[in-house]
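Hello,

Here is the structure I promised to hand over. Please open it alongside this email, and then read on for what turned up.

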Amino acid sequence: MLVILGYLVVLACVFGGFAAAGGHLASLFQPIELLQIGGAAIGAFFVGNNGKAIKATLAAIPGLFRGSRHTKDLYMELMSLMFDVLSKVRKEGLMSIEGDIDSPSDSPLFSKYPAVLQDHHIVEFMTDYLRLMVSGNMDAFQIENLMDNEIDTHHHEGMVPAGAIAKLGDGMPAFGIVACVMGVVHTMESVGIPPSELGLLIAKALVGTFLGILLAYGFVGPLAGLHEQKLEEETKMYQCVKVTLLASLNGYAPALAIEFGRKVLYSTERPTFSELEEHIKKSKTK
């Protein structure tokens, strides 16, 4: 909703200001120039990206118009799940969770937290490293290095749509200039017409530059920044799982291990110690 609201503010301020200054809004409606700018930008987008990048960008765009799912409640669910898993390990041994990590969807532990279970990426990340812990063949330093490499790979992969959208926005002012130049060329071909008609052609040509800049900085460019912010929020979940599992691997009790995870969260979503403790107590009654 914030994206749509922002777009409405941009349109209201730009076109409302133009109308308030005495401009005629109808003169800004140039569908041919919109076709030239938008079509050229989309064509360049397909030229400048491979199939994986195009697919990832198209898949990421709808999510930019939805609110963030990485809320305090989700993080408390995640940490409660890890507390339950690590508590079971402490009481019954590592082998006791083998069935849970092999089939999380059928696990009584994971099924208590559907909000986490529906994010198959974070579930796979967690179960993969729990499986390595069960194997007992790797020390904490090796697992930490592997976690860091996987998180870096995830982050770089997630940045592909942001980069593609940013480049798309960067090219639109140039395509606006192209549309403007083409309009000027058309105007120069018509120098014999009356001045009133000639002025109209020049105005139409200049709209191309205006539209290119407006689309770039008012509509497309901000989406790249928004995607980066959403990616940072998603990466924070991986970091929370990482430090919690490493703390457990280093011998800390489950209650202390999840405290490590709580501390890496952003302050806006980080639950207090009491909130998390109360949530864990409630989850035990499920």
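Predicted model: local features only at pLDDT ≥ 70, side-chain atom pairs only at ≥ 80, totals over all residues.

Phe-65 sits in the loop between α3 and α4 (72-92). Phe-65 is partly exposed, because its relative accessible area of 31% falls between the 20% and 50% cut-offs. Phe-65 also belongs to a nonpolar patch on the surface.

How far can you trust the model? The mean pLDDT of the protein chain is 89. Of its residues, 99% reach 70 or more. Among the elements, helix α3 (residues 51-64) has the highest mean pLDDT, at 93. Helix α12 (residues 273-283) has the lowest, at 87.

Next, the inside. The largest nonpolar core has 40 residues. Leu-78, Val-116, Met-126, Leu-130, Val-241 and Leu-245 have the most contacts inside it. Several elements give two or more residues to this core: α4, α6 (108-111), α8 (120-135), α9, α10, α11 (254-263) and α12. Which of them gives the largest share? That is α4, with 11 residues.

Now the charged pairs. In general, side chains of opposite charge can pair when their charged atoms come close. The structure holds 8 salt bridges.

- Arg-69 with Asp-119: the closest N and O atoms are 3.1 Å apart. This pair links distant parts of the chain, 50 residues apart. Arg-69 is in the loop between α3 and α4, and Asp-119 is in the loop between α7 (114-117) and α8. Arg-69 is partly exposed, at 33% relative accessible area. Asp-119 is buried, at 12%.

- Asp-100 with Lys-88: these side chains meet at 2.9 Å, N to O. Asp-100 counts as buried because its relative accessible area of 6% is under 20%.

- Arg-131 with Asp-128: the closest N and O atoms are 3.1 Å apart. Both residues lie in helix α8, 3 residues apart, about one turn of the helix. Both are partly exposed: Arg-131 at 33% relative accessibility, Asp-128 at 28%. Salt bridges that share partners join Asp-102, Asp-128 and Arg-131 into one network.

A word on cysteines. How many disulfides are there? The count comes to 0. Cys-13 is exposed, with a relative accessible area of 54%. Cys-240 is buried, at 0%.

The C-alpha atoms of Glu-189 and Ile-42 are separated by 29 Å. Along the chain, these two residues are 147 residues apart.

Best wishes

Conventions:
Residues numbered from 1 in each chain as written. Heavy atoms only, no water. Disulfide = S-S within 2.5 Å. Buried < 20%, exposed > 50% of the residue type's maximum accessible area, 1.4 Å probe, protein only. pLDDT = per-residue confidence, 0-100. Helix = DSSP H or I, 4+ residues; strand = E, 2+ residues; numbered from the N terminus. Patch = residues over 30% accessible without salt bridge, like charges linked within 9 Å, V, L, I, M, F, W, Y side chains within 5 Å. Areas by Shrake-Rupley, 256 points an atom, 1.4 Å probe, with all protein chains shown as cover. Salt bridge = Lys/Arg side-chain N within 4 Å of Asp/Glu carboxyl O. Core = buried A, V, L, I, M, F, W, Y, C linked by side-chain atoms within 4.5 Å.
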